[in-house]
Every structure is written in structure tokens, then in C-alpha cells.
Amino acid sequence: MSVEAKLHLLQSIQTLLAPYHYLYCVDLEATCDDVGESESPRSLAVVPEQMETIEIGLVVIDLETLEVVDEFQRFVRPQINPVLTHFCKQLTSIQQADVDTSGTFMEVGQELAAFIARYPDAAWASWGDYDARQLERDAALAACPSLLSGLQHFNVKKWNKGLYVDQPKSLKQTVESLGLVWQGTYHRGIDDARNVASIIKEMLG
């Protein structure tokens, strides 16, 4: 992509964000399972359509200053598959005790609603579209409105692919390719949200 085309894309992104005062950088972790290479074939303990959020990480960027002004992090107790798989615990570093002592999706959703009410005129962004799909899945499973419903969602991964050449696919590779320092543990909601915020600040700064 030419310099002119990249500049045009950046201006387009800035125009999209212009109506908003805040941007929520969101990352979710969910119940999951996979069959390891050394394992015998078996059925998955958690099928994709029954994946439930077990961590919500949200970082608030003030778009006027491009500074992080607040954070929200909660574990969530799953209802359909309350026992985390070995694969899930290994992938996310989230342990059974973390979710056992946490609120349900609806309870945590109420806490999140109270939190974001302090930062109005906002949109939200995530790395890819997975998080938006997962919120819809959670809402369907819990028979409640989707968290962040009514707010505009932006896919930072798509923005990033347009602005940078030879863009690596993973969030961690992207952070490192931009010369930024990776923060925290990969596949942890709050840490991934912080790193998405770092990418956005680098992109818009």
C-alpha cells in the first residue's frame, strides 16, 4: 500500500472515531476445549456454540488525549460448562478458583454497565470480530441483552492490516512488530485489552 493510501486510511479511521470521546478496548476469554496432538480422539467438552465468557477485560482510552484513563476486569462464572478444561486453563492461565468465586454473566454485566456509564459518548474496539460474536453468544445463552449493545464496534485487526505491510496475524506478534513492549500474559482478557490499547495509541499517535 502506498504512503498516500495509508494516510487516507488513517484519516478515515480518525473520521470514524471523531464522534466519540472514549474508546473501550475489549478482550474476552471464554470456556474452550481442544484435542491435543498426543491425545486420543474424543468429543470436545466445550463445543463452540456453548463457549461462555470467563473474563472481561476493558481499557478506556480518552480519544482527545490518547491516554488510558481507566480499566475494568472481572472473571465470570460459566453456567453451561462450569468446570474449566485443562486446555482452557493452560491457554488462558485462568484457574477454576478464579471463576468459582465470580459473578454470573448477568451480574458482571450489571457491574460493567455501571462502569461504562462513567465514560459516555463511547465506541468499542477489539482485535478481530471474535469478541463481538462472543458477546452475542453470551447474551443468547443468558437470555439477556448483549453487553455493549448499541455501541459502535471497530475491528482493530482490520485497521492494522491496512496500515502496516506484512502484518503478522496474532495480537502478540503485532505488538512486537510495532516495536512496542508486550504487557502481561497472552490470552488474558485484561492484558490483551491493554495491548490492543497500545496498538491504537501507536496507530493514532
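Me: What does buried mean here?
Reply: Buried means under 20% relative accessible area. Keep that cut-off in mind. This is a predicted model.

Me: Why is Ser146 called buried?
Reply: Ser146 has 12% relative accessibility, so Ser146 counts as buried. The cut-off is under 20%.

Me: Where does Ser146 lie, and what is Ser146 in contact with?
Reply: Ser146 lies in the loop between helix 5 (130-142) and strand 5 (153-155). Leave aside its neighbours within four places in sequence. Then Ser146 is in contact with Leu135, Glu136 and Ala139. Contact means heavy atoms within 4.5 Å.

Me: What about Leu148: buried or exposed?
Reply: Leu148 has a relative accessible area of 10%, so Leu148 is buried. Its place is in the loop between helix 5 and strand 5.

Me: What makes the phi of Leu148 worth a remark?
Reply: Start with the general rule. Most residues other than glycine have a negative phi. Leu148 is not a glycine, yet its phi is positive, about 65 degrees.

Me: Which phi does Leu66 have, and where is its place?
Reply: Leu66 has a positive phi of about 60 degrees, and Leu66 is not a glycine either. Its place is in the loop between strand 2 (53-62) and strand 3 (67-75).

Me: How do you know whether Leu66 is buried or exposed?
Reply: Compare its value with the cut-off. Leu66 has 17% relative accessibility, so Leu66 counts as buried. Buried requires under 20%.

Me: What makes strand 4 "mostly covered"?
Reply: Strand 4 covers residues 122-126, and five of its five residues are buried.

Me: How do you know about both faces of strand 4?
Reply: Look at each side in turn. In a regular strand the side chains alternate between the two faces of the sheet. On one side of strand 4 are Ala122, Trp124 and Ser126, and on the other are Ala123 and Ala125. These residues are all buried, so both faces are covered.

Me: Why are strand 1 and strand 4 called a pair?
Reply: Pairing needs at least two bridges. Four bridges join strand 1 (residues 22-30) to strand 4, so the two strands pair. They run parallel. In one of these bridges, Tyr24 has Trp124 of strand 4 as its partner.

Me: How do you know that strand 4 and strand 5 pair?
Reply: Three bridges link them, in the parallel sense. The requirement is at least two, so strand 4 and strand 5 pair. Ser126 stands opposite Asn155 in strand 5.

Me: Which hand does the β-α-β crossover have?
Reply: The chain crosses from strand 4 through helix 5 to strand 5, and this crossover is right-handed.

Methods:
Residues numbered from 1 in each chain as written. Predicted model: local features only at pLDDT ≥ 70, side-chain atom pairs only at ≥ 80, totals over all residues. Heavy atoms only, no water. Buried < 20%, exposed > 50% of the residue type's maximum accessible area, 1.4 Å probe, protein only. Right-handed = clockwise from strand over helix to strand, strands pointing away.
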